Every structure is written in structure tokens, then in C-alpha cells.
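Student: I would like to learn how the features of a protein model are read. Could you take me through a few of them slowly?

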Amino acid sequence: MGITKRSFGVTKTGEKATLYTMENAGGMEVSVSDFGAVIVDILVPDRNGNFTDVNLGYDDVSGYEGNAPGYGSFLGRVANRIAGAKFSVNGKTYEVEKNDGENCLHSGQKSYNKYMYEVETYEDEGSITVEFSRLSPHMEQGFPGNLDLSIAYTLTDANELVIEYSAVSDADTVINLTNHSYFNLKGEGSGTVLDHKVFIDADKITTTDAELIPTGEFTLVDSTPMDFRTMKRIGQDIDVDYEPLKLGCGYDHNYVLRHEFMDIAGDIPDSVATPDKVAELYDEESGRVMEVFTDLPGMQFYSANHIDGVEKGKGGKVYHRRDAICFETQFFPNTANISSFPGGRLEAGKEFHSVTIYKFSVR
């Protein structure tokens, strides 16, 4: 059990990147880098005790400098979509980069996964932590407020990867932080995940327009292909003739999670709910299980519909469409423009704190 570090390469601007590997008492390993605060490797056992990396990504920092799919990425200041690439805070309109048609996706081409971070490491009984931090200055990416932020990755002896987000701004602003890891429980590069089974504890999704921008309305999942309240194969309904699936080219939708945070609207509360189990991923072949816990109100469920099958990943492997699945816990997309959506607005001097957990086991 412990932390090791090694060189992860040099960026195009000459910055030296480091890879930090945490190993718990059971042999599970999680590797993260100070470039982008990205999650690089997640090695977990199958039911026979064989360890495999279940997280898509690259071998060194050069891959993460491009990283169009966002493998393992820490995304912000506002993850997901902002309609028209603009929003208002206290009556003032701010414009951000249009990198998704006329809209902004993940705060533009340079999201938080493209910056270098300061690092601290901690070892406690039963857990190991690597914490990344930096100051996101006022008007970086077009957002108001100097934002002091940190993201801590903790590996526990219970095979939990705990992601803890913290941030404080000196001006009223908007915020939506998430992780964009792509999971394949058979192992990265092992092919499709359409045979994986999924449970999502949600009765509805946020309704979107043709550009996947939430309208402020909700769509019930009952009697639709979007219903994962009973565990089912990802591929069971993914190609059904259903308008939201056609618009997303598969699953690429924000699920409205059923837990107490959903009773809170408006600004981020001083104390959010305890993380609840909101989803589960299961691969029958390997026996691997991943449970998702969060205190956030939404989760983007994305079936890697736009991986092009050209760019090389780890070990020269080529990843293809639907070779992985993402569980991006979040505030709802376009919350910056829809006041009825919960959270997503951060008052000056008020601390934002949130926890998401990916817990691995076997069955």
C-alpha cells in the first residue's frame, strides 16, 4: 500500500508531467497525473483475481494534450453544455467559447483537463489521497471570479475511488465540475460495452432540443428505452427508433437522480446530501461491478458514441464507438441559463464541495 510516482513525459510547452500511482492493501491501483488532474489507470481484479485496467486513456502526457474524447478528464469550470455559449450572473452577460456549434461544451477547447496542477499526497489508515489544486483566474475561459479549486482522488481499501471537489470564488459565478472517465469492465481496449448491464436510479431525464441542450422540461423514462431502473444490457435498446436516442447517436443524456438533493433548487447549499448510490455497471464475463455514488442531482450517461476508431490509446490500442461507458455526475447541463434547475450557481466566498465515488467489486 502506498504512492509511487514517475515521469509522465513533457508537454509541448516544456512542462514536466508526473504520474502518481496509488495502490491499496488489496492490490487495486489508480494512477493520476498533475497534467489535467486526469485519471489515467484504474486496475481492478475480476472474480478470479486477475487485474485489468478498466479506464480508457493514453500512455503519456502527449496523448492527454489532445484528448478530444476527454478520457479520464476533470472538466470545468462548467462541464457539459451552455446554450448559445453565454449566460448571465447578476444581470451581466458573459460569453464563452463556441466549440459545439453555437453552444459551449465543457467550457471550450481548454477545459480543466489541460492545465497543470499543484500536488499534495496523503496516506491514512485504509486510504491514500492525491490532491490537485490551482487558482482559476477571473475570466479564464470567460467565467467570472478567481476560483480556488481542488480535486482530491482517494483510493480506499474497500476498492473505492473517491473524487472530492472543492472550490471557492471571490465573485458570484457558475460552476459544474465532473469526471469524464470512460469505463470498460472487461478492460480498456477489449471491445464493445453493449453487453455490460446498467442500473440508474432515475425516473426522468432532462428534455433536450436537437442540439442536446436542455429546455427546462423533463421526460419520464417509464416505458421508454431510457429506463434503467431495472438493470439491463446497454445494447438492449440503444438502437431503438426513439427521438432522444437518435439525437444523441445513442445514450448521451442527463439523468435526474432520485435522492434528496433534488429537493434543493437555486444556489448550492451549505451542506449537500450524503452521497447516495445512483448507478451500477456490471460485466457478467469478468464479474466486475462498479457502483456510482454521488451527492449531485444529475448524471450524464454517455455510450462513447463518437470515438472515431482512429486515434491510438494505451499500448497502441485503437478504441472504437461504444467501447466504453461514462457516468458523469453533475449539475444539469445548461443550468447556467435555467434558474429552476438545482445548484450550479456559486456565491462569492461560499464553498462548493461535492463527492462522487466509484466503488469496484466482483460478483
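Predicted model: local features only at pLDDT ≥ 70, side-chain atom pairs only at ≥ 80, totals over all residues.

Student: In what order do the nine strands of the open sheet stand?

Tutor: Strands of a sheet pair through backbone hydrogen bonds, either parallel or antiparallel. Strands here are DSSP runs (E, at least two residues), as helices are (H or I, at least four), numbered from the N terminus, and two strands pair if DSSP finds at least two bridges between them. In this model the order is E11-E12-E13-E14-E27-E23-E22-E17-E20, with antiparallel pairing. E11 and strand E20 (232-233) stand at the edges with a single partner strand each, so one side of each is left without a neighbour in the sheet. The pairing of E11 with strand E12 (residues 127-136) runs over seven bridges, and Tyr122 stands opposite Thr129 in E12.

Student: How are two aromatic rings described as a pair?

Tutor: One gives the distance of the centres and the angle of the planes. Rings of Phe, Tyr and Trp (its six-membered ring) pair if their centres lie within 6.5 Å, and planes under 30 degrees apart count as stacked, over 60 as edge-to-face and the rest as tilted. The count by this rule is 25 aromatic pairs. Among them, Phe218 and Phe341 are tilted, at 5.9 Å centre to centre and 45° between the planes. Because Phe218 lies in strand E19 (residues 214-220) and Phe341 in the loop between strand E25 (326-330) and strand E26 (345-346), the pair ties together parts that are 123 residues apart in sequence.

Student: How many salt bridges are there?

Tutor: Side chains of opposite charge can pair when their charged atoms come close. With a salt bridge taken as a side-chain nitrogen of Lys or Arg within 4 Å of a carboxyl oxygen of Asp or Glu, the count comes to 22. One of these joins Arg258 and Asp201, at 2.5 Å from N to O.

Student: Which peptide bond is cis?

Tutor: Most residues other than glycine have a negative phi, and most peptide bonds are trans. The bond from Gly76 to Arg77 is cis, with omega near 5°, and Arg77 is found in the loop between strand E6 (73-75) and strand E7 (81-82). Asn67, in the loop between helix H1 (61-66) and E6, has a positive phi near 50°.

How values were computed
Residues numbered from 1 in each chain as written. Heavy atoms only, no water.
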